[in-house]
Amino acid sequence: MERLLDVKGVYFGYNKKYVLEDVNLTVFRGDFLGIVGPNGSAKSTLIKIILGILKPQRGTVVLLNSPIERFNQWDRIGYISQRVRNFNPAFPATVEEIVGANLYSQMGVFKFFNKEHKTKIKEALDVVNMSDYQDHLIGNLSGGEQQKVFIARTLISNPEIIFMDEPLVGVDVQSQEQFYGLMEKLNKELGITLVMVSHDIGVITDKANRVACVGNRKVCVHPSTDFNKEEHIRDVYGEDLSILHHKH
Ligand SMILES: Nc1ncnc2c1ncn2[C@@H]1O[C@H](COP(=O)(O)OP(=O)(O)OP(=O)(O)O)[C@@H](O)[C@H]1O
Ligand SMILES: [Mg+2]
C-alpha cells in the first residue's frame, strides 16, 4: 500500500508544555481516516503540523514522499480548516469566484476566467451538486451550501488527499448525510484519500475505514471495524458521557 503521509515521533507544545507526545501516524492511499478526541486534545494542532503550518519540536512529517519542510506540491493537497466559514457574510464574491479562486495563479496578467476555467469550475460544482448556484453570492447561501462550495474549491486542483477539520459543525442531519454521500463518492469513485476531524464518533467510525483517537497527548490508530466506541469514550472523555451531547 502506498503511504501518502508518515508522521514519526512527533512532539509538539505551544508554550514548552507538550500537547502531543511521540505521535506516529501513517495514511495510505485510498484511506478515509477519521480523527476523533475531546475539545482541546490537539486534533487541529495535529492537522497543522501535518501541513507544515506548525513545526514540531521533535519528530518528522513526510507528505507525498517529501519532508514537510521541503514540500511544495500544494495543488495535490486540499485543506478545509476549522475556521474556513468564519468569513464576512457580506463578502461580495459569487460562488464561481470562490471556487475559481485557486485558479488565479494559473491566469495571465488579466485576471478573468476563460472557457477552460469555467468548465473546471462547473465540473467541481457538479460533484457537490451546486452548479445551479454558480452566480449566487456566497453570503446568501446556507451554511451547508457554503460548505459544499468550499469542497468544490478544494476539488478544482484535483487533490489526492483532502484534510478537513470538523467540516460538519452547524450542518443539519440531512445535509450531513448528503455530505457523507459526497465523501464516499470522492473516496470510492474518485480515489481521493480523506482525513477528517469529527466529534461525531458514532457516524465517523461508520464511514471511515480507520480511526485515529487523540487524547492525553497521544494518538492511537485503529481500523474502524475494531474501534470500540464505548471503551474509547471512557478512556478519553472519562465516565461522564454527557460531554458528547454538549459539545457545540
Ligand atoms: N496558538 C496557540 N497558543 C497556545 N495554545 C494553543 C494555541 N492553539 C491551541 N492551543 C492549545 O492547544 C491545545 C490543543 O488545541 P487544538 O485546537 O489543537 O485542539 P482540538 O482538539 O482541535 O480542539 P477542538 O475539538 O475544540 O477543535 C488546547 O489546549 C489549546 O488551548
Ligand atoms: Mg480543532
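The largest nonpolar core of this predicted model has 43 residues, and those with the most contacts inside it are Leu33, Ile35, Leu46, Ile50, Leu194, Val195 and Ala212. The largest share of this core, five residues, comes from strand β1 (residues 3-13). A nonpolar core here is a set of buried Ala, Val, Leu, Ile, Met, Phe, Trp, Tyr and Cys residues joined through C-beta atoms within 7 Å. A residue is buried if 20 or more other C-beta atoms lie within 10 Å of its own, exposed if 12 or fewer, and partly exposed in between, with C-beta atoms placed from the backbone. Helices (H or I, at least four residues) and strands (E, at least two) are DSSP runs, numbered from the N terminus.

In soluble globular proteins, nonpolar side chains tend to be buried together.

The model is predicted, so local features need pLDDT of at least 70 and side-chain atom pairs count only at pLDDT 80 or more, while totals for chains, interfaces and linings use all residues. Residues are numbered from 1 along each chain as its sequence is written, and chains are lettered from A and ligands numbered from 1 in the order in which they are written.

An open sheet of six strands has mixed pairing and the order β6-β7-β8-β3-β9-β10. β6 (77-80) and β10 (218-223) are at its edges with a single partner strand each, so one side of each has no neighbour in the sheet. Two strands pair if DSSP finds at least two bridges between them.

On β9, Ile35 has Ala212 as its bridge partner.

Strand β3 is mostly covered, with five of its five residues buried. Phe32, Gly34 and Val36 point one way from β3, and Leu33 and Ile35 point the other way. Leu33 touches Val27, Leu194, Val195, Ala208, Arg210 and Ala212, not counting residues up to four places away in sequence; contact means that C-beta atoms, placed from the backbone, lie within 7 Å.

Definitions and conventions
Two residues are in contact if their C-beta atoms, placed from the backbone, lie within 7 Å.
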